[in-house]
Amino acid sequence: DVNTKMKSLYNKILCEVQTAVNATENYSPELLVRELLIHGSLSAAVSALDECDNLFTPGFRSLALIVHDACQSLADKYSHVSVGKIARHLMRQWLAHGDESKISD
């Protein structure tokens with residue numbers, strides 16, 4: 001079942017995000033959104049390329065919706081958080097520097 005698989009993948013993402021956020025002293029809702037986007041994107045990319053995982057369009061869409069809803073709920077709670085701005089910033093960094101370099105704030 002695609003939804004069960006995506007929920008499992010999302011739980012893995014949440015564990016990675018929690019580890020990354022707990023490792024920093026400067027917690028903020030923006031950091032949480034940023035880490036959700038980074039780890040969500042990485043997990044989707046890895047799953048899409050994994051021959052055993054076979055993340056096809058419906059699964060990719062489900063995962064994207066789950067991550068989007070989590071980010072949007074943070075933006076709704078903290079009005080100063082702009083998910084679009086954070087996503088555009090990450091996109092520019094990935095386009096300019098690739099995903100091999102450490103992503104800066």
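Two residues are in contact when heavy atoms of one lie within 4.5 Å of heavy atoms of the other. The word "touches" is used in that sense in this report on a predicted model.

**Overall layout**

The chain contains 4 helices and 0 strands. From one end of the sequence to the other, the pattern is α-α-α-α. Of the 105 residues in the chain, 34% are buried. Among the contacts between residues at least 6 apart in sequence, 64% join residues at least 24 apart.

**Helix H3**

Helix H3 covers residues 57-77, which is 21 residues. The distance from its first C-alpha to its last is 30 Å, close to the 30 Å expected at 1.5 Å a residue. The buried residues of H3 are Gly59, Ser62, Leu63, Val67, Ala70, Cys71, Leu74 and Ala75.

**How H2 packs against H3**

Helix H2 spans residues 29-49. H2 and H3 have axes 10 Å apart and pack at an angle of about 175°. Angles over 145 degrees count as roughly antiparallel, so H2 is roughly antiparallel to H3. On the H2 side, the contact is made by Leu32, Val33, Leu36, Leu37, Gly40 and Ala44. Their partners in H3 are Phe60, Leu63, Val67, Ala70, Cys71 and Leu74. By class, this contact of H2 with H3 has 11 nonpolar residues, 1 polar residue and no charged ones.

**How H2 packs against H4**

Helix H4 is made of residues 83-97. The axes of H2 and H4 are 10 Å apart, and the angle between the two helices is about 50°. H2 and H4 are therefore oblique to each other. The crossing of H2 past H4 is right-handed. In this contact, H2 supplies Glu30, Val33, Arg34, Leu37, Ile38 and Ser41, while H4 supplies Val83, Ile86, Ala87, Leu90 and Trp94. The residues divide into 8 nonpolar, 1 polar and 2 charged in the contact of H2 with H4.

Val33 and Leu37 are among the H2 residues that meet H3, and both are also listed in the contact of H2 with H4.

**Single residues**

| Residue | Relative accessible area | Class |
|---|---|---|
| Ser43 | 7% | buried |
| Leu63 | 2% | buried |
| Ala64 | 40% | partly exposed |
| Ala75 | 12% | buried |

Ser43 is a residue of helix H2. Buried means under 20% relative accessible area, and Ser43, at 7%, therefore counts as buried. Leaving aside residues up to four places away in sequence, Ser43 touches Leu9, Ile13 and Glu16.

Leu63 sits in helix H3. With a relative accessible area of 2%, Leu63 is buried. Which residues does Leu63 touch, not counting residues up to four places away in sequence? They are Met6, Leu9, Tyr10, Ile13, Gly40 and Ala44.

Is Ala64 buried or partly exposed? At 40% relative accessibility, Ala64 is partly exposed. In sequence, Ala64 and Met6 are 58 residues apart, while in space they are 9.5 Å apart, C-alpha to C-alpha. Met6 is also one of the residues that Leu63 touches.

Ala75 is another residue of helix H3. Ala75 has a relative accessible area of 12%, so this residue is buried. Apart from residues up to four places away in sequence, Ala75 touches Val81 and Val83. Val83 is also one of the H4 residues that meet H2. Along the chain, Ala75 and Glu30 are 45 residues apart, and their C-alpha atoms are separated by 8.7 Å. Glu30 is itself among the H2 residues in the contact with H4.

Key: Residues numbered from 1 in each chain as written. Predicted model: local features only at pLDDT ≥ 70, side-chain atom pairs only at ≥ 80, totals over all residues. Heavy atoms only, no water. Expected span 1.5 Å × (residues − 1). Buried < 20%, exposed > 50% of the residue type's maximum accessible area, 1.4 Å probe, protein only. Axes fitted to C-alpha atoms, helices over the stretch in contact; angles between N-to-C directions. Parallel < 35°, antiparallel > 145°, perpendicular 65-115°, else oblique. Left-handed = near helix turned anticlockwise from the far one by under 90°. Nonpolar A, V, L, I, M, F, W, Y, C, P; charged D, E, K, R; others polar.
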